[in-house]
Amino acid sequence: MFGIPGKQAVTITPKAATQIAKLMAKDGHQGLRIGVKKGGCAGMEYTMDYVTEVDPHDEVVELDGARVMIAPMAQMFLFGTEIDYEVSLLESGFKFRNPNVVDACGCGESIKFDENIEANG
């Protein structure tokens with residue numbers, strides 16, 4: 001797995017943990033799997049999927065009953081990311097604060113990573 005011994009791949013804020021735990025409990029899911037895929041105007045997009053079974057290759061991060069799995073191919077792109085959950089008058093949703101992102105599109109749905117990370121992937 002990609003990472004630094006003793007350091008979690010991603011961190012989860014208490015607000016995000018609460019929301020993830022609610023989503024897990026709703027239909028008995030094992031957690032949320034996060035990843036990245038090619039797409040959007042900046043080149044890459046985050047993905048989030050419900051998980052019914054934990055893949056042994058996933059990196060697993062847990063906090064206060066919330067469980068996030070990171071798909072193997074996404075681990076190098078997401079290392080150091082903080083997952084938060086924000087609520088505003090116009091929208092609510094998960095926010096990723098990712099130190100590996102060098103650019104994002106105006107809508108915030110699409111991101112671009114440092115080319116060195118992409119080349120090493």
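The legends below walk through several close-up views of a predicted model.

A few ground rules first. Residues are numbered from 1 along each chain as its sequence is written, and side-chain values use heavy atoms, with hydrogens and water left out. Because the model is predicted, local features need pLDDT of at least 70 and side-chain atom pairs count only at pLDDT 80 or more, while totals for chains, interfaces and linings use all residues.

**View 1. The whole chain, before zooming in.**
The protein chain has three helices and nine strands. Here, helices (H or I, at least four residues) and strands (E, at least two) are DSSP runs, numbered from the N terminus. Follow the sequence along and you get the pattern β-α-β-β-β-β-α-β-β-β-β-α. Of the 121 residues, 40% count as buried; buried means under 20% relative accessible area, exposed over 50%, and partly exposed in between, with a 1.4 Å probe and protein chains only. As for contacts (heavy atoms within 4.5 Å), residues 24 or more positions apart account for 52% of those with a separation of 6 or more.

H1 takes in residues 14-27, 14 residues in total, and reaches 21 Å from its first C-alpha to its last. That is close to the 20 Å expected at 1.5 Å a residue, where the expected span is 1.5 Å times one less than the number of residues. Which residues of H1 are buried? They are Ala16, Ala17, Gln19, Ile20, Leu23 and Met24. Looking down the axis of H1, these buried residues fall within an arc of 165°, so they line one face of the helix; the arc is that of the directions from the helix axis to the C-beta atoms. An α-helix has 3.6 residues a turn, so residues three or four places apart point the same way. Turned away from the buried side of H1 are the exposed residues Pro14, Lys15, Lys22, Ala25 and Lys26.

**View 2. The largest nonpolar core.**
A nonpolar core is a set of buried Ala, Val, Leu, Ile, Met, Phe, Trp, Tyr and Cys residues joined through side-chain atoms within 4.5 Å. The largest one here has 26 residues, and Ile20, Ile83 and Phe94 have the most contacts inside it. Strand S1 (10-12), H1, S2, S5, H2, S6 and strand S7 (92-97) each supply at least two residues of this core. H1 gives the largest share, five residues. Leaving out residues up to four places away in sequence, Phe94 touches Ala16, Gln19, Ile20, Leu23, Leu32, Met48, Ile83, Asp84 and Tyr85.

Asp84 lies in strand S6 (residues 81-87). Is Asp84 buried or exposed? At 11% relative accessibility, Asp84 counts as buried. Its side chain makes a polar contact with the side chain of Thr13, at 2.6 Å. A polar contact is a pair of N or O atoms within 3.5 Å; within protein, one must be able to donate a hydrogen and the other to accept it, and residues adjacent in sequence count only if both atoms are side-chain atoms. Not counting residues up to four places away in sequence, the residues that Asp84 touches include Lys15, Gly93 and Arg97.

**View 5**
Five of the five residues of S5 are buried. Ala66, Val68 and Ile70 sit on one side, with Arg67 and Met69 on the other. Two strands pair if DSSP finds at least two bridges between them. S5 pairs with strand S2 (residues 31-38) in the parallel sense over three bridges, and Ile70 is the bridge partner of Ile34. S4 and S5 pair in the antiparallel sense over five bridges, with Glu62 opposite Arg67.

**View 3. Two loops at the ends of S5.**
Asp64 is in the loop between strand S4 (59-63) and S5. The hairpin of S4 and S5 has two residues between the strands, and Asp64 there takes a positive phi near 50°, although Asp64 is not a glycine. Asp64 is exposed, with a relative accessible area of 65%. Ala74 lies in the loop between strand S5 (66-70) and helix H2 (75-78) and is buried, at 2% relative accessible area. Ala74 is in contact with Ile34, Gly35 and Val36, leaving aside neighbours within four places in sequence.
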